[in-house]
Amino acid sequence: KIFQAIVSCIGSDGTIYIIPKSYETALNKLMAEIQNTFKGLGLLIPYCWKKGEACVVRGSDTMWYRARIVEVSSSTLQVQYIDHGYIESIPQCHLYPTTFYTGIPPFCIPCQLYKTLPIGNFWQQDAVDYLQELLKNEEVEIHVEELPDKPSGKLSISLYFGGMSLSSFMAYQKYCVAEDCQDIQKLGVFEGDLSPSYLLQPLPIPGETCPVTVTHLVSPKEVYICLGSSGNLKNHSAAERDTSHDSESLNKALKWCNKIIKTLPHLTNFKKELPCLAEYVDGLWYRAKLLSITQLVPVQILVQFVDYGTYLVAPTSRLRHIPCHLLKYPVQALRVLLAGFRPASDDKNMERIPYSPEWSLNALQTMVECVEGKHLSASILTVSPEVTISLYGDDKNLVHLKLIEMGLAELDE
């Protein structure tokens with residue numbers, strides 16, 4: 001069985017507590033009932049607590065939670081939140097004994113990684129801390145491998161985050177030994193000699209109109225766009241369909257990569273067009289490809305962010321190996337030429353685009369204003385030798401008409 005779940009906590013012994021996404025509605029309903037039933041403070045009169053006894057606990061967020069007594073001491077009680085897994089020491093005044101809701105099974109499931117042996121036969125504290133930092137409150141994919149021998153036992157699972165196996169990843173970090181680690185090679189996270197490449201986005205059928213977003217402008221005529229979710233795709237193979245994941249899935253995978261970025265090796269191979277992860281000016285890492293070495297001392301590399309079309313000159317410290325599972329997502333940004341106009345022959349603006357001097361900077365800025373933050377649509381005219389489109393604004397008019405009105409471009413039949 002495969003399902004999505006939220007990791008609620010990591011136990012001190014490395015137990016992974018998960019709440020299946022399918023349980024969320026029922027858990028929220030139960031929590032609302034508990035808040036309506038228990039109000040105010042906990043039990044203020046003396047009470048003889050027993051280990052294993054059911055209770056409700058007032059958490060630091062002032063919400064009441066189902067719990068059970070784990071250890072009893074003179075001033076505090078150690079309790080486990082049975083629907084979330086974590087254990088905490090609580091003053092007695094924040095607890096209340098109850099027999100309510102004891103017939104409802106816990107919503108969180110204790111799990112252990114399948115065929116995974118921690119170094120030293122138990123999870124070291126630094127490994128537990130790392131798991132907690134990596135996984136807590138995150139949505140993951142669970143593959144059930146073996147059921148527990150007894151009801152109180154742990155479910156044996158394979159856990160995947162952003163397409164990566166947790167067992168293989170922790171084994172690479174030297175926290176454990178995983179019996180089945182072949183997917184480290186399959187992911188290619190740590191294989192410096194691979195020469196992978198990105199998949200290309202399947203195009204809408206010429207003549208079909210589909211929503212688009214302009215992500216980067218090279219000139220008023222040459223832009224990068226991201227296709228919307230509608231529009232009929234060309235017929236393509238089952239393998240290509242399997243790899244045509246939407247941008248939401250890619251964003252989730254990139255979020256995970258940003259969490260583990262320090263574990264990914266720096267680039268040592270600077271082959272042109274090589275896929276990589278590059279750090280943008282916002283401090284986040286995105287998919288990119290190498291274009292050229294612009295400076296030798298110190299080394300500076302020109303890269304292009306393939307899902308946006310933008311460029312950056314970056315030092316090698318801001319470039320890292322890309323996990324190969326990120327290559328299954330097609331490139332989101334598509335380079336296109338806009339049809340129907342050309343630079344105005346009588347444009348007197350002296351400031352020109354340095355790499356495209358036939359266009360004025362004023363024309364480029366006007367085009368930016370026409371497309372930035374707008375609901376655009378496009379119709380593909382040709383796909384060879386260049387992808388050429390007609391681009392329409394949210395008023396359904398061709399976006400380049402504004403440039404023609406201002407004398408910055410002219411019609412091109």
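A salt bridge here is a side-chain nitrogen of Lys or Arg within 4 Å of a carboxyl oxygen of Asp or Glu. By this rule the count comes to 16 salt bridges. The model is predicted: local features need pLDDT of at least 70, side-chain atom pairs count only at pLDDT 80 or more, and totals for chains, interfaces and linings use all residues. Residues are numbered from 1 along each chain as its sequence is written, and side-chain values use heavy atoms, with hydrogens and water left out.

Select lysine 21 and glutamate 24. Their side chains form a salt bridge, 3.4 Å from N to O. Buried means under 20% relative accessible area, exposed over 50%, partly exposed in between (1.4 Å probe, protein chains only). Lysine 21 is partly exposed at 32%. Glutamate 24 is partly exposed too, at 30%.

Go to aspartate 83 and arginine 66. The closest N and O atoms of this salt bridge are 2.7 Å apart. Aspartate 83 sits in the loop between strands S5 and S6, arginine 66 in strand S4, so the pair ties together parts 17 residues apart in sequence. Helices (H or I, at least four residues) and strands (E, at least two) are DSSP runs, numbered from the N terminus. Both residues, aspartate 83 and arginine 66, are buried.

Next, pick lysine 255 and glutamate 138. Their salt bridge spans 2.6 Å, N to O. Lysine 255 lies in helix H6 and glutamate 138 in the loop between helix H2 and strand S10, so the pair ties together parts 117 residues apart in sequence. Lysine 255 is partly exposed at 40%; glutamate 138 is buried at 14%.

Finish at strands S23 (352-353) and S24 (356-360), an antiparallel pair with two bridges. Strands pair if DSSP finds at least two bridges between them. A hairpin of two residues joins S23 to S24. Arginine 352 has serine 360 in S24 as its bridge partner.
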